[in-house]
Amino acid sequence: ATVPDLAGRRVVVTAGGTREPLDPVRYLGNRSSGKQGYALARTAAGRGARVTLIEANTQLADPAGVDVVHIGTAIQLREAVLKAAADADVVVMAAAVADFRPSEYATGKIKKKDGQEPAPISLVRNPDILAELSADRPRADQVVVGFAAETDDVLANGREKLRRKGCDLLVVNEVGERRTFGAEENEAVVLAADGGETPVPYGPKEALADTVWDLVLQRLG
Ligand code: C5P
(Lines give C-alpha, C1' and ligand atoms only; values in the text may rest on other atoms or scores of the structure.)
Protein backbone atom coordinates (compact mmCIF):
# COMPACT_ATOMS: atom_id res chain seq x y z
CA ALA A 1 0.00 0.00 0.00
CA THR A 2 1.12 3.56 -0.67
CA VAL A 3 2.22 5.53 2.40
CA PRO A 4 0.53 8.97 2.61
CA ASP A 5 3.88 10.65 3.30
CA LEU A 6 2.86 13.79 1.37
CA ALA A 7 -0.36 14.28 3.37
CA GLY A 8 -0.93 17.93 4.21
CA ARG A 9 1.52 19.09 1.55
CA ARG A 10 0.51 21.34 -1.31
CA VAL A 11 2.31 20.66 -4.55
CA VAL A 12 2.22 22.31 -7.96
CA VAL A 13 3.22 20.36 -11.06
CA THR A 14 3.44 21.70 -14.61
CA ALA A 15 3.05 19.31 -17.55
CA GLY A 16 3.01 19.35 -21.35
CA GLY A 17 4.47 21.89 -23.71
CA THR A 18 3.61 25.51 -24.37
CA ARG A 19 2.41 26.67 -27.78
CA GLU A 20 3.28 30.13 -28.96
CA PRO A 21 0.78 31.43 -31.51
CA LEU A 22 1.80 33.02 -34.82
CA ASP A 23 -1.71 33.63 -36.08
CA PRO A 24 -5.16 32.18 -35.31
CA VAL A 25 -4.28 28.81 -36.90
CA ARG A 26 -0.52 28.35 -36.32
CA TYR A 27 1.88 28.05 -33.41
CA LEU A 28 5.44 27.18 -32.44
CA GLY A 29 5.36 24.10 -30.22
CA ASN A 30 7.37 21.16 -28.94
CA ARG A 31 7.06 17.40 -28.59
CA SER A 32 6.31 17.13 -24.88
CA SER A 33 3.46 14.66 -24.23
CA GLY A 34 2.91 15.66 -20.61
CA LYS A 35 3.16 12.04 -19.40
CA GLN A 36 5.98 12.66 -16.90
CA GLY A 37 4.14 15.63 -15.36
CA TYR A 38 0.93 13.62 -15.10
CA ALA A 39 2.83 10.75 -13.47
CA LEU A 40 4.19 13.25 -10.92
CA ALA A 41 0.69 14.61 -10.24
CA ARG A 42 -0.86 11.12 -9.88
CA THR A 43 1.85 9.77 -7.60
CA ALA A 44 1.77 12.90 -5.39
CA ALA A 45 -2.02 12.63 -5.05
CA GLY A 46 -1.64 8.91 -4.27
CA ARG A 47 0.81 9.83 -1.48
CA GLY A 48 -1.71 12.24 0.03
CA ALA A 49 -0.65 15.64 -1.38
CA ARG A 50 -3.04 18.35 -2.49
CA VAL A 51 -2.05 18.72 -6.11
CA THR A 52 -2.48 21.53 -8.61
CA LEU A 53 -1.58 20.35 -12.10
CA ILE A 54 -0.96 23.12 -14.62
CA GLU A 55 -1.41 21.56 -18.03
CA ALA A 56 -0.23 22.86 -21.41
CA ASN A 57 -1.56 21.25 -24.58
CA THR A 58 -1.55 17.56 -23.63
CA GLN A 59 -3.94 14.91 -24.89
CA LEU A 60 -4.38 13.49 -21.39
CA ALA A 61 -7.50 13.24 -19.25
CA ASP A 62 -7.60 15.14 -15.95
CA PRO A 63 -6.36 12.80 -13.19
CA ALA A 64 -8.86 12.09 -10.40
CA GLY A 65 -8.44 14.02 -7.18
CA VAL A 66 -6.21 16.70 -8.70
CA ASP A 67 -6.98 20.38 -9.43
CA VAL A 68 -6.19 20.94 -13.09
CA VAL A 69 -5.52 24.34 -14.67
CA HIS A 70 -5.41 24.41 -18.47
CA ILE A 71 -3.19 26.97 -20.16
CA GLY A 72 -1.60 27.38 -23.59
CA THR A 73 1.37 29.75 -23.75
CA ALA A 74 4.49 30.40 -21.66
CA ILE A 75 3.07 33.74 -20.50
CA GLN A 76 -0.12 32.00 -19.32
CA LEU A 77 1.95 29.26 -17.68
CA ARG A 78 3.97 31.85 -15.77
CA GLU A 79 0.82 33.52 -14.47
CA ALA A 80 -0.72 30.21 -13.37
CA VAL A 81 2.49 28.98 -11.72
CA LEU A 82 3.13 32.18 -9.77
CA LYS A 83 -0.48 32.18 -8.55
CA ALA A 84 -0.48 28.51 -7.50
CA ALA A 85 3.05 28.70 -6.01
CA ALA A 86 2.00 31.33 -3.48
CA ASP A 87 0.85 28.70 -0.96
CA ALA A 88 2.70 25.62 -2.21
CA ASP A 89 5.32 23.54 -0.40
CA VAL A 90 6.72 22.23 -3.66
CA VAL A 91 6.76 23.32 -7.31
CA VAL A 92 7.84 20.86 -9.99
CA MET A 93 8.37 22.35 -13.45
CA ALA A 94 8.05 19.33 -15.74
CA ALA A 95 6.52 21.30 -18.63
CA ALA A 96 8.56 22.10 -21.73
CA VAL A 97 8.37 25.87 -21.93
CA ALA A 98 9.15 27.59 -25.24
CA ASP A 99 12.27 29.69 -24.82
CA PHE A 100 11.02 32.11 -27.48
CA ARG A 101 7.70 33.31 -28.84
CA PRO A 102 6.87 35.13 -32.08
CA SER A 103 7.40 38.84 -31.49
CA GLU A 104 4.17 39.58 -33.27
CA TYR A 105 0.81 37.85 -33.40
CA ALA A 106 -1.12 38.25 -36.67
CA THR A 107 -4.82 38.60 -35.89
CA GLY A 108 -5.64 37.32 -39.40
CA LYS A 109 -4.20 34.14 -40.99
CA ILE A 110 -0.81 34.78 -42.62
CA LYS A 111 -1.24 34.30 -46.40
CA LYS A 112 1.20 33.09 -49.04
CA LYS A 113 1.42 35.27 -52.13
CA ASP A 114 2.58 34.09 -55.58
CA GLY A 115 6.14 35.08 -56.38
CA GLN A 116 6.81 36.47 -52.93
CA GLU A 117 9.42 35.22 -50.47
CA PRO A 118 8.00 34.16 -47.10
CA ALA A 119 8.39 36.77 -44.38
CA PRO A 120 10.88 35.78 -41.65
CA ILE A 121 9.50 34.98 -38.22
CA SER A 122 11.05 37.13 -35.53
CA LEU A 123 11.13 35.89 -31.96
CA VAL A 124 11.43 37.34 -28.48
CA ARG A 125 12.54 35.60 -25.31
CA ASN A 126 9.98 34.15 -22.92
CA PRO A 127 10.47 34.67 -19.19
CA ASP A 128 12.35 31.82 -17.47
CA ILE A 129 9.70 30.80 -14.95
CA LEU A 130 11.87 28.26 -13.11
CA ALA A 131 14.72 30.74 -12.61
CA GLU A 132 12.33 33.49 -11.55
CA LEU A 133 10.49 31.30 -9.06
CA SER A 134 13.73 29.85 -7.61
CA ALA A 135 15.20 33.33 -7.08
CA ASP A 136 12.03 34.85 -5.69
CA ARG A 137 10.31 32.13 -3.63
CA PRO A 138 7.05 33.09 -2.02
CA ARG A 139 8.13 30.89 0.91
CA ALA A 140 11.74 30.45 1.99
CA ASP A 141 11.18 26.73 2.72
CA GLN A 142 9.65 25.99 -0.70
CA VAL A 143 11.27 23.19 -2.69
CA VAL A 144 11.64 23.89 -6.41
CA VAL A 145 12.33 21.17 -8.97
CA GLY A 146 13.26 21.61 -12.64
CA PHE A 147 13.63 19.29 -15.60
CA ALA A 148 16.21 19.33 -18.37
CA ALA A 149 16.47 17.37 -21.59
CA GLU A 150 20.02 17.07 -22.83
CA THR A 151 21.54 15.28 -25.79
CA ASP A 152 25.22 15.32 -24.80
CA ASP A 153 27.49 16.00 -21.79
CA VAL A 154 24.33 15.27 -19.81
CA LEU A 155 25.80 15.55 -16.31
CA ALA A 156 28.05 18.57 -16.92
CA ASN A 157 25.26 20.46 -18.69
CA GLY A 158 22.82 19.42 -15.96
CA ARG A 159 25.08 20.73 -13.16
CA GLU A 160 25.52 24.01 -14.97
CA LYS A 161 21.77 24.34 -15.57
CA LEU A 162 20.97 23.53 -11.91
CA ARG A 163 23.31 26.32 -10.83
CA ARG A 164 21.96 28.78 -13.39
CA LYS A 165 18.31 28.12 -12.57
CA GLY A 166 18.81 28.16 -8.80
CA CYS A 167 16.39 25.28 -8.12
CA ASP A 168 16.90 22.56 -5.48
CA LEU A 169 16.63 19.52 -7.74
CA LEU A 170 17.06 19.10 -11.48
CA VAL A 171 15.87 15.95 -13.24
CA VAL A 172 18.14 15.46 -16.22
CA ASN A 173 16.87 13.31 -19.08
CA GLU A 174 18.97 12.09 -21.91
CA VAL A 175 16.87 12.65 -25.01
CA GLY A 176 16.92 9.61 -27.25
CA GLU A 177 15.04 7.17 -29.43
CA ARG A 178 12.78 5.34 -26.98
CA ARG A 179 13.11 7.85 -24.17
CA THR A 180 11.41 10.96 -22.90
CA PHE A 181 9.16 12.44 -25.56
CA GLY A 182 5.88 10.56 -25.75
CA ALA A 183 7.29 7.39 -24.22
CA GLU A 184 5.86 5.56 -21.19
CA GLU A 185 9.36 5.03 -19.79
CA ASN A 186 12.12 7.35 -18.82
CA GLU A 187 15.70 7.24 -17.55
CA ALA A 188 17.23 10.13 -15.70
CA VAL A 189 19.68 11.45 -13.14
CA VAL A 190 18.35 13.72 -10.40
CA LEU A 191 20.94 16.34 -9.46
CA ALA A 192 20.65 18.21 -6.17
CA ALA A 193 21.95 21.68 -5.31
CA ASP A 194 23.60 20.16 -2.20
CA GLY A 195 25.71 17.95 -4.48
CA GLY A 196 23.52 14.84 -4.49
CA GLU A 197 23.26 12.72 -7.63
CA THR A 198 20.57 10.03 -7.92
CA PRO A 199 20.49 7.87 -11.05
CA VAL A 200 17.06 6.50 -11.94
CA PRO A 201 17.24 3.43 -14.22
CA TYR A 202 15.14 3.06 -17.35
CA GLY A 203 11.58 2.36 -16.23
CA PRO A 204 8.02 3.68 -15.91
CA LYS A 205 7.57 7.44 -15.51
CA GLU A 206 5.78 6.70 -12.19
CA ALA A 207 9.01 5.23 -10.77
CA LEU A 208 10.94 8.39 -11.63
CA ALA A 209 8.08 10.45 -10.16
CA ASP A 210 8.25 8.51 -6.86
CA THR A 211 12.02 9.03 -6.66
CA VAL A 212 11.51 12.78 -7.18
CA TRP A 213 8.94 12.87 -4.33
CA ASP A 214 11.31 10.88 -2.07
CA LEU A 215 14.07 13.44 -2.69
CA VAL A 216 11.64 16.33 -2.21
CA LEU A 217 10.45 14.86 1.12
CA GLN A 218 14.05 14.77 2.41
CA ARG A 219 14.21 18.52 1.75
CA LEU A 220 10.86 19.53 3.20
CA GLY A 221 10.87 20.88 6.75
O1 C5P B 1 16.53 26.03 -20.04
P2 C5P B 1 15.71 24.78 -20.24
O3 C5P B 1 14.50 25.01 -21.11
O4 C5P B 1 16.51 23.59 -20.66
O5 C5P B 1 15.20 24.45 -18.77
C6 C5P B 1 14.23 23.48 -18.54
C7 C5P B 1 13.56 23.72 -17.23
O8 C5P B 1 13.25 25.10 -17.07
C9 C5P B 1 12.22 23.02 -17.11
O10 C5P B 1 12.00 22.73 -15.75
C11 C5P B 1 11.24 24.07 -17.64
O12 C5P B 1 9.94 23.85 -17.12
C13 C5P B 1 11.86 25.34 -17.12
N14 C5P B 1 11.66 26.52 -17.98
C15 C5P B 1 10.93 27.60 -17.51
N16 C5P B 1 10.77 28.72 -18.29
C17 C5P B 1 11.34 28.80 -19.51
C18 C5P B 1 12.10 27.71 -20.00
C19 C5P B 1 12.23 26.60 -19.21
O20 C5P B 1 10.43 27.55 -16.39
N21 C5P B 1 11.18 29.89 -20.25
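**Close-up views of the ligand site and a hairpin**

**View 1. The largest pocket is the space taken by the ligand.** A pocket here is an open set of points on a 1 Å grid over the protein atoms alone, with protein on both sides within 12 Å along at least five of seven lines. The model is predicted, with local features requiring pLDDT of at least 70 and side-chain atom pairs pLDDT 80 or more, while totals for chains, interfaces and linings use all residues. Residues are numbered from 1 along each chain as its sequence is written, and side-chain values use heavy atoms, without hydrogens and water. Two or more shell residues come from each of α3 (129-135), β9 (143-150) and α4 (154-165); helices (H or I, at least four residues) and strands (E, at least two) are DSSP runs numbered from the N terminus.

View 2. For Ile129, a backbone N or O atom is 3.1 Å from a ligand nitrogen. On its own the ligand has 450 Å² of accessible area (Shrake-Rupley method, 1.4 Å probe), of which the protein covers 88%.

**View 3. Strands β2 (residues 20-23) and β3 (residues 26-28) form an antiparallel pair with 3 bridges.** Pairing requires at least two DSSP bridges between the strands. Glu20 has Leu28 of β3 as its bridge partner. The hairpin of β2 and β3 has 2 residues between the strands.

Note on methods
A polar contact is a pair of N or O atoms within 3.5 Å; within protein, one must be able to donate a hydrogen and the other to accept it, and residues adjacent in sequence count only if both atoms are side-chain atoms. On a 1 Å grid over the protein atoms alone, a cavity is a set of points where a 1.4 Å probe fits but cannot get out, and a pocket is an open set with protein on both sides within 12 Å along at least five of seven lines; lining residues have an atom within 4 Å of a point. A molecule sits in a cavity or pocket if more than half of its atoms lie within 2 Å of its grid points.
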